[in-house]
Amino acid sequence: MAFRRFMFLVLSLSFLFWAIPSQAQLGNSGSIEGVVKDPSGAVVANASVEIAYSVSGYRRTTTTASDGSFRFTNVPFNSYHLVITTPGFDSYAQDVDVRSTVPATVQISLKLGGATTSITVEENGGDLVENESTFHTDVDRGLFDKLPLESASSSFSSLVTLVSPGVAADSNGLMHGLGDHAENSYSVDGQPFTDQFSKVFSNQLPSEAIQSLEVISGAPPAEFGDKTSLVVKVTTRSGLGVTRPTGSVTASYGSFGTANIGFNLAYGNDKWGNFIAVNGLRSGRFLDPPEFTVIHDKGNLENVFDRLDYNVSKADSIHLNFQYSRSWFQTPNTFDNLNVLDSNGNNVGNTDQRSKIGTFNIAPTWTRLISANAVFTLGAFVRRDHYNYYPSNNPFADLGPINSETIAQDRTLTNAGVRSDISYVKGIHNIKAGITYEHTFLTENDNFGIIDPNLLPATTDNAGLPCFDPVTNTATPGTPCAVLLPIDLTRAGSLFTFHGHTDVKELALYVQDTITKGNWSFNLGLRGDLYRGLESTSQAEPRLGIAYNIKPTNTVLRVSYARTLETPFNENLVVATTGCNVDVIAALIPCVPANSPPGFRNEFHAGFQQAFGKHLVVDAEYLWKYTHNAYDFSILGNTPITFPIVWQSSKIPGFAIRASVPNYHGFTALVVMSSVAARYFPPQVGGLGVTVGQSGSVFRIDHDEKFNSTTHLQYQPWKRGPWVGFNWRYDSGLVAGAVPDFATALTFDGDQQAAIGLFCTGPSGQRIMASLTSPLSNDLTSCGPAPTGTGATRVAIPADGKENDDKNPPRIAPRNLFDVAVGHDNLFQGDRFRWSARVTVINVTNKEALYNFLSTFSGTHFVSPRAVTGELGFHF
């Protein structure tokens, strides 16, 4: 009923606006347009026009038409420095703010002058700061195109992790923004989605399709809701106005047999434009494995993205995004997954678990320019992920140290919706009001059974007493053992089937106004969310931001506040929420018999932006977030099958800093750093997999990290010459709760001890390392008659008696990783056609390091060993 009322409102507004003539405008970014005239008022044709925002690396040029007009479309929201030059006139420069879909219009009158034809963009410190109350990072393709990215199969999340402060790097493209587990929202040309975006959940947008990124780390404006720890706004590439076919063909090959081939093409005119990107990837190291040595880790990815823009009339434009992606990959093995023995001691071969993901997305948008001050947008979207997880052909081959079950999954997540908004800019006001309706269809099919003969004998009843007799193979009636015996494959049982389905409906309404008065900027907003899933809630969410620009010192001070609704993750939501009501699941996986109730958050931010001259700008922010019903994930063994869980509350304080050196004689630098504490408070109030923190004490969640930083340096001495890009990534280490002390570490098998680099010191001071075949014994007799100590090279284990889940938890050891890329964009100095070449080296020093270890929420994963990739490209 709510959906029908919403559609009636949207269509009514559409017919109202249809009758008002003006000029067409894209609805997912801004535009800059104007007319250049001479002192007499006559138009100036063929004048060169350039806009630039040096902090993000954005720069575009055009020339005026015969009527003196010019227009830049698909312009990301930012402040731009505009320069116009033409022979016989003085150069003209001004700053232009693009903060809305409403076109920014400038009227320019040139003064008579010299005959210069060169374009020089001279910026000062004031051009480097933004009078904005929301902390964010802007990056354009001109900057990130030369970044050495660690993963070709998750280049999108790798890019966000490197350029945005506050992101803790995790395995397989997972990124934890500002203390939260994957609480990220994405807006791709205005299409919203908040589902998981790592490569074990979905197929990502290819980086070849991205023109620019804006990553919002501060208090989110009212137009954004749901999961907002990070909001990633993506502007894709367009072919509108590209009158000559422009594109490239690239091919690369590198370590682990990784091969990638890609093609992109932009073409159009002032009426229409199309951009298409197609690429295929094959790798022998598709996922981050649980061993530094790569075992059973092949995968492939095929991706097609297409964007079509069409100006129907002077008032109306249509925009269509389409993407289809397919990936297939193996679940990486540990050495423990090789030559697995079944319950009878027979070798059943190696574990052979695999996954397949198909992603489909289509998003049409219609935009109507109502007047010179107002734009109306109406869009629809459908995004579908189909995930399959396949067990080994012999189910007993799935047995491992942390795997007692075999499982198969067939899961779909379809998100469909409609969105509409009106933007109005006049005087000191920049107003946007909108409404979004989303309907998410979740279907989950799981088949699983027990493959560990020791699981039932170790199971107890409610009184803590054994409930299974292994001699007679009988279970005590009315106990968990009696429920699980029929699915114990080691005792002639059969697979259990779970089928679940639910619909999640969300309606959001918002209004926001950015008021600019003198040096002040006020961002006022109000959002209302209605959530109807397995549980229901509604909430009003005020948003407030204030910024003040101290122009003499090029300083911007800001504070902001946001109230947000926190909703559960959709992946495996049905089994996580209803699983406790299923006897087999409740007996097999500890759970809290409660739904996953939506929560709420209050967050506060305070920060500043400071330009030092025109070559350095520093942005810093302090944040404090308090969440009631805080979400995270639990994981089944070492599989990609994860469940959303809910904790009573969380407190997340911290800071984030970004420093940028815009292009200075070919040199560019970007430094981001952060320290965020992710403190979670028991009890767990919902979801499968009762895990840590059940003692009632506050603890640090496994994506808590004391400090991380990225330094990116880029140098190109001349425009048509070679270039070099360099990354230094430092991570102080995520929490590793599975190793609270050395006594626990000594209970691990040889492979697990070797993974953390466990060692003891012999009587003569020599270091004795644990290995796959020679683990350290509990009594340390393997270290000699009088060992003098123990340690670990890849995990920082607290001293005996000093571990504290909040103040001194065990952590992954700190790591420094270095990456470098060297290339040339025009090897033979061509004009129409160009050849390019680049070599990228990831983990130059071949550092052996962990992302995490036996994490309750993500398992064990190593960073990539040294990987070298060569790429050759043809551009036209």
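Me: How many cavities of 30 Å³ or more are there?
Reply: The model is a predicted one. Rolling a probe the size of a water molecule over the atoms shows where empty space is left. For cavities of 30 Å³ or more, the count comes to 18.

Me: How much space lies in the largest cavity, and which residues lie nearest its centre?
Reply: The largest cavity holds about 680 Å³ of space. Its lining is made up of 46 residues. By class, these are 17 nonpolar, 15 polar and 14 charged. Nearest the centre lie S187, G190, E223, F224 and K233.

Me: What is the space in the second largest cavity, and how does its lining divide by class?
Reply: About 330 Å³ lies in the second largest cavity. The lining has 24 residues, and those nearest the centre are E150, S158, L162, A169 and Y851. Divided by class, the lining residues are seven nonpolar, nine polar and eight charged.

Me: Which element gives the most to the lining of the second largest cavity?
Reply: Two or more residues of this lining come from each of α4 (155-163), β38 (722-731) and β44 (815-824). With four residues, the element that gives the most is α4.

Me: Why is α4 described as largely enclosed by the rest of the structure?
Reply: A residue counts as buried when its relative accessible area is under 20%. In α4 the buried residues are S155, F156, S157, S158, L159, V160, T161, L162 and V163. The helix is therefore largely enclosed by the rest of the structure, the buried count being nine of the nine residues.

Me: How many bridges join β44 to β45, and which residue in β45 stands opposite G823?
Reply: β45 covers residues 834-842, and five bridges join β44 to this strand in an antiparallel run. In β45, the residue opposite G823 is R838.

Me: What is the phi of Q829, and where is Q829 found?
Reply: Most residues other than glycine have a negative phi, and most peptide bonds are trans. Q829 is not a glycine, yet its phi is positive, at about 55°. With a relative accessible area of 38%, Q829 is partly exposed. Its place is the loop between β44 and β45.

Me: Is L178 buried or exposed?
Reply: L178 lies in the loop between β10 (175-177) and β11 (184-188). Its phi is near 50°, a positive value in a residue other than glycine. The relative accessible area of L178 is 2%, so L178 is buried.

Me: Which residue has a backbone oxygen that the side chain of K625 reaches?
Reply: K625 is in strand β32, residues 616-635. It is buried, with a relative accessible area of 1%. At 2.9 Å, its side chain reaches the backbone oxygen of L178.

Me: Which residues does a cis peptide bond join?
Reply: P683 has its place in strand β35, residues 679-688. The bond in question has an omega of about 5°. The residues joined by this cis peptide bond are P682 and P683.

Me: What is the order of the open sheet of four strands, and why is one side of each edge strand left without a neighbour?
Reply: The order is β3-β2-β5-β6, with antiparallel pairing. From one strand to the next, the twist averages 20°. An edge strand has a single partner, so one side of it has no neighbour in the sheet; the edge strands are β3 (58-63) and β6 (92-98).

Me: How far apart in space are I216 and D749?
Reply: I216 lies in strand β13, residues 210-216. At 2% relative accessibility, I216 counts as buried. In sequence I216 and D749 are 533 residues apart, and in space, C-alpha to C-alpha, the distance is 43 Å.

Terms used: Residues are numbered from 1 along each chain as its sequence is written. This is a predicted model: local features need pLDDT of at least 70, side-chain atom pairs count only at pLDDT 80 or more; totals for chains, interfaces and linings use all residues. Side-chain values use heavy atoms; hydrogens and water are left out. Two strands pair if DSSP finds at least two bridges between them. Axes are lines fitted to C-alpha atoms, for helices over the stretch in contact, and angles run from 0 to 180 degrees between N-to-C directions. On a 1 Å grid over the protein atoms alone, a cavity is a set of points where a 1.4 Å probe fits but cannot get out, and a pocket is an open set with protein on both sides within 12 Å along at least five of seven lines; lining residues have an atom within 4 Å of a point. Grid points are joined across faces, edges and corners, and a volume is the space filled by probe spheres set on the points. Ala, Val, Leu, Ile, Met, Phe, Trp, Tyr, Cys and Pro count as nonpolar, Asp, Glu, Lys and Arg as charged, and the others, Gly among them, as polar. Buried means under 20% relative accessible area, exposed over 50%, partly exposed in between (1.4 Å probe, protein chains only). A polar contact is a pair of N or O atoms within 3.5 Å; within protein, one must be able to donate a hydrogen and the other to accept it, and residues adjacent in sequence count only if both atoms are side-chain atoms.
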